[in-house]
Amino acid sequence: MKREDMHYSKEHEWVALEGDIATIGITHYAQEQLGEITYLELPEVGDTFDKMARVGTIESVKTVSDLFTPVGGEIVELNPAVMDRIGGEENADFHPENLNKDPYGEGWILKIKISSPDDMSDLLSYKDYMAMIGEDA
Amino acid sequence: MKYTPHTEADIAAMLSFLEKSSLHDLFADIPCDALCNKEMKLPPPLAEMEVRKRCEELAGKNVKYSSSFLGAGSYRHFIPSAVKTITSRSEFYTAYTPYQAEASQGTLQAIFEFQSFMCLLTGMEVANASLYDGSTAVAEAATLAMGETRRKKLIVSQSLHPEYREVLSTYLGTGERAEIVPLPHKDGTVDIESLKSLVDKTTAAVIVQNPNFFGALEPVQEIAAIAKSAGAISVLAVAEPYSLGLLKAPGKLGIDIVVGECQSFGIPRGFGGPLLGFMATQGRYMRRIPGRLCGKTVDKDGQEGFVLTLQAREQHIRRDKASSNICSNEALCALAATVHLSLIGRKGLREVAEQNIKKAHYAAEKISGIKGFSRKFKSPFFNEFVIQCPHDASRLIAELDGKGIAAGVDLGRLYPDMKDCLLVCVTEMTAREEMDRLAGALSELSAPAVV
Amino acid sequence: MLIFEKSSPGRTGYSLPKLDVPDAPLADLMPGDMIDEEGKPLPEVSELDVVRHYTKLSQKNFSVDSHFYPLGSCTMKYNPKINEDMAALPGFAELHPYQSEGSVQGALELLHQLERFFCELTAMDRFTLQPAAGAHGELTALMMTKAYFNHRKEKRSIILVPDSAHGTNPASAAMAGFSVVQVKSNDKGNVDLADLERLLTDDVACLMMTNPNTLGLFEVDILKISEMVHGKGSLLYYDGANLNATLGKVRPGDMGFDIMHINPHKTFSTPHGGGGPGAGPVGARGELVKFLPVPLVNYDESKKSYSLHFDEPLSIGRMRAFYGNFLVLVKAFTYIISLGREGLLDVAHLSVLNANYLMKALSKSFHLPYDRTCMHEFVLSIKDWKSEGIHTLDVAKRLLDYGFHAPTIYFPLIVEEAMMIEPTETESKEMLDDFVQALICIREEILSEPAVVHDAPHKMPVKRLDDVVAARKPVLRWDPNA
């Protein structure tokens, strides 16, 4: 999905909704603020959350930031490239730098099956998000 | 003695530069009338030789027993001179925490080596740069287990050092944080049947010590398996790490987390501190480990170097969400242990451990051969054992104290039903004559108390 | 090269006397299945290998004995050598904690005296010397706070912490089971009284503060703050990290603090050791004394003897095994009796003099977020140089090339591109002038050849280290199987 068609939260996350599955990641602005991303603490597939619940954290060398879900629902998929361990074993293809290099593509974090389409209405459009961070769309 | 360099001229020049007329002017911000210069009862300054005299006087009021059978979490082991040579290098002991890695490669590599030694001894994949001591390490492990499993029940062996259990209780025993369930011992070791009935799907951790407080060897592999079967985390506390010279590495026996005390490795008993706590875990707990971690990396030119890493877990970044609040640890003690273990090496670890167990068994046999004295427990032991005495251990200890012998620890102080029990520790430092003398003194006292 | 990589099978660095008791096979002494037949793969090296290896490592370090460390909030003052010798006296070092009380009267007397000194210097009623570090002391004090309110049957769940606070403050509060709320600082760098007023509800257990605060500024409204906090029945906690600024001149108890901790490895000259051991004595006044961890050291006037006192029904219990980092406390004791009354009073005067001198000397070249007399430390900001692509980290690394350990950077969090500088009272005017010169040179470099600052350090045993890869792919030990 193109950036212009995505929706955004005030916490600098993007949401790409297709059917009832929302893919979530962090924005370019967010990754710039965080610096080099080193690790993500993630929920498990099957966990359910309300809108704006804290689902994990994103760590960089010098800081740690909460990860929220802008929409409520059930986690259905996690991006294996952002998990340092899979099934209890070290993941050789762990690439947290994807969040820095390609935040809207390879840097996607999780997919959530949304429980209420109304949650989308509180989110910002691309234009409004860019205005919020003080940049022209 | 003063350590400030300021002469009158220096002070005058600096005050002039600051356009202030007196040092007190610098404190103008302070509501001084209310607060400053209250009467304080403090002694006058002393010259260095007077300081030395005063300290030597205080040190002289303490008894250094030539014959000591005290263990219980603080051990008399031989410390090679070279340990002190290294730890008294001021490049090590007056260095700061290695946050500026490029200026601290000595400290950092030493920490990396300490972490490595802990992993080699315990068979684990990750170890941190140290914790305060064995007792707080147990509390940190319990916290980790509760966070990891999201459960609250802690099954705690009653043969775990009483002070470790007290600290665990202080940290987690009040309020709703955790449910601490005591696991009784049977003949000096964990009651396995009890453990099986207590462990369930609400158990966060099973916490045992090996060798335990009584010196006895616990069935570690079995305990680990029982914990695992319920999805609980097994935590093994090691207060006497020389035992690892003979025992299999806990990490290879299915234990999830090993914590404990490394005072045995190059650190003087020092009336109980500073000590050297450690935590070593299976790889999967790496991100949850409290305390500092040193990692290997490269510099701009590709040269190998070391840095503190995974700092996002720690208090200075994560603040109220940190895995622990620990900041200062026992770094210099960890250096002492690292140097000590390097000197002792593979063979030395084994040989010292063998002397410990063999000498301890000699003493145990000799003492239990005296009329009225017997070994309280039948379980195998490393370098400590419990003797049942014909009367109160406290009386016995007092009598032998008069002969310059510290006979052991009075277990009646800690276990109300063991008033007649003495915990005796023997190490490679305990000469045969000492043990013979102890046995001799005990046999003189073996007449039972007059009713 | 690691010590493990220097190993050669058969080399030894130790010696043991022959076994002097009858030998026996291990299998007779312990269950066969418990025995590790292979042994642990520790390195096999000679004593010379070990001494050379660690001596060379030490030479890669900066240390107070060789370099000026203007680290704000750390008080890297000179560590007197007599301290080390006294802590090594066998009459202290070889004591077992479970020896009979009669055999450790000297040790107990030292602890008791040290406690008295701490009480005099801080206007607290009693101190526990048990905690192993400052953060451990904070945790102890907060657990006491919790116990205090539980005992009064008051439910209070919040700890207030200034936004300039050290990370251990909120971390300790969370560990003690409280939630943490931040209080804003005003534009003078002090606690914002209006914000404090707003946040001081009946749910607040305690306000944790340092005074002077982490910006090196005295909280001028401290008496008012004390009044406000106590008015709500809350407690006031003093983080002793900055005690050096007011030692002997202003006492926490007189300012209204109820409970506090001391960092002997800061204020009382015990060495930092590369990260520890330190200690974290906790002092308390009035009602709070009952909650101190046990044991305390008491003196019996009638028997003229010292003893360990355990019978305190309201005590929070034990915070660690045995009594405290005793050998570290010996060093603090040695320092205090060495300086004596006059020397201790000098500490505040001269540390504040040094800091103000340095601040004024640097004020022409660097941005000072708070332009007022500082106490023992001050903050400056490098934000003006961000446009040249230079951050505080770069300046810190370039200072290493000039032979100075960097000051504290990026703390406190409320100042952008912060550099916190604390010279301490043991540095001479000449050293301070040299440091100013170095920073001025670096500022010149930023303007004329920024790359040399950006890519610093150049003269250290290693160049700038990659902490990103260290965090993404952590290698935390030597792996014998790799």
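**Entry 1: one alanine**

I start with a cut-off: buried means under 20% relative accessible area, exposed means over 50%, and partly exposed is in between, using a 1.4 Å probe on protein chains only. At 1% relative accessibility, Ala139(B) therefore counts as buried.

Before going on, I note that this is a predicted model: local features need pLDDT of at least 70, side-chain atom pairs count only at pLDDT 80 or more, and totals for chains, interfaces and linings use all residues. Residues are numbered from 1 along each chain as its sequence is written, chains are lettered from A and ligands numbered from 1 in the order in which they are written, and side-chain values use heavy atoms, with hydrogens and water left out.

Where does Ala139(B) sit? I found Ala139(B) in helix H7 of chain B, residues 134-149. Helices here are DSSP runs (H or I, at least four residues), strands are runs of E with at least two, and both are numbered from the N terminus. Not counting residues up to four places away in sequence, Ala139(B) touches Leu168(B), Tyr171(B) and Leu172(B); contact means heavy atoms within 4.5 Å.

**Entry 2: helix H13 of chain C**

Next I looked up H13(C), residues 392-401. Nine of its ten residues are buried, so the helix is largely enclosed by the rest of the structure. Among the buried ones are Thr392(C), Val395(C), Leu399(C) and Leu400(C). What do they pack against? I get strand S11 (408-409), strand S12 (418-421), helix H14 (429-448) and helix H15 (450-454), which are in chain C. Just after H13(C), Gly403(C) takes a positive phi of about 85°.

My cut-off for a salt bridge is a side-chain nitrogen of Lys or Arg within 4 Å of a carboxyl oxygen of Asp or Glu. Arg398(C) and Asp401(C) are three residues apart in H13, about one turn of the helix. An α-helix has 3.6 residues a turn, so residues three or four places apart point the same way. Both Arg398(C) and Asp401(C) are buried.

**Entry 3: where B meets C**

I turned to the contact between the two chains. It takes 179 residues from chain B and 196 residues from chain C. Together they bury about 16700 Å², 64% of it on carbon and sulfur atoms. Buried area is the accessible area (1.4 Å probe) that two parts lose on being put together, summed over both. Glu102(B), Phe271(B) and Arg319(B) supply 6% of the area that chain B buries against chain C, more than any other three residues.

How many salt bridges cross the interface of chain B and chain C? The rule finds eleven. I picked out Lys61(B) and Glu109(C), whose side chains meet at 2.8 Å, N to O. These two also belong to a network of salt bridges with Arg54(B) and Glu57(B).

**Entry 4: more salt bridges**

Over all chains, the count comes to 51 salt bridges. One of them joins Lys359(B) to Asp20(C), with the closest N and O atoms 3.0 Å apart. This pair crosses between chains, from helix H12 of chain B to the segment before helix H1 (26-29) of chain C.

Then I looked at Arg285(C) and Asp258(C), a salt bridge with the closest N and O atoms 3.8 Å apart. This one links distant parts of the chain, 27 residues apart. Arg285(C) is in the loop between strands S7 (282-284) and S8 (296-300), while Asp258(C) is in the loop between helix H10 (252-255) and strand S6 (259-261). At 26% relative accessibility, Arg285(C) counts as partly exposed, whereas Asp258(C) is buried at 11%.

**Entry 5: the cores**

The largest has 211 residues, and Phe268(C), Leu362(C) and Phe378(C) have the most contacts inside it. Helix H12 of chain C (residues 326-363) gives the largest share of this core, 23 residues. Leaving aside neighbours within four places in sequence, Leu362(C) is in contact with residues including Phe378(C), Leu380(C) and Phe435(C). Apart from this core lies another, of 87 residues, among them Val220(B) and Tyr14(C).

Technical notes. A nonpolar core is a set of buried Ala, Val, Leu, Ile, Met, Phe, Trp, Tyr and Cys residues joined through side-chain atoms within 4.5 Å.
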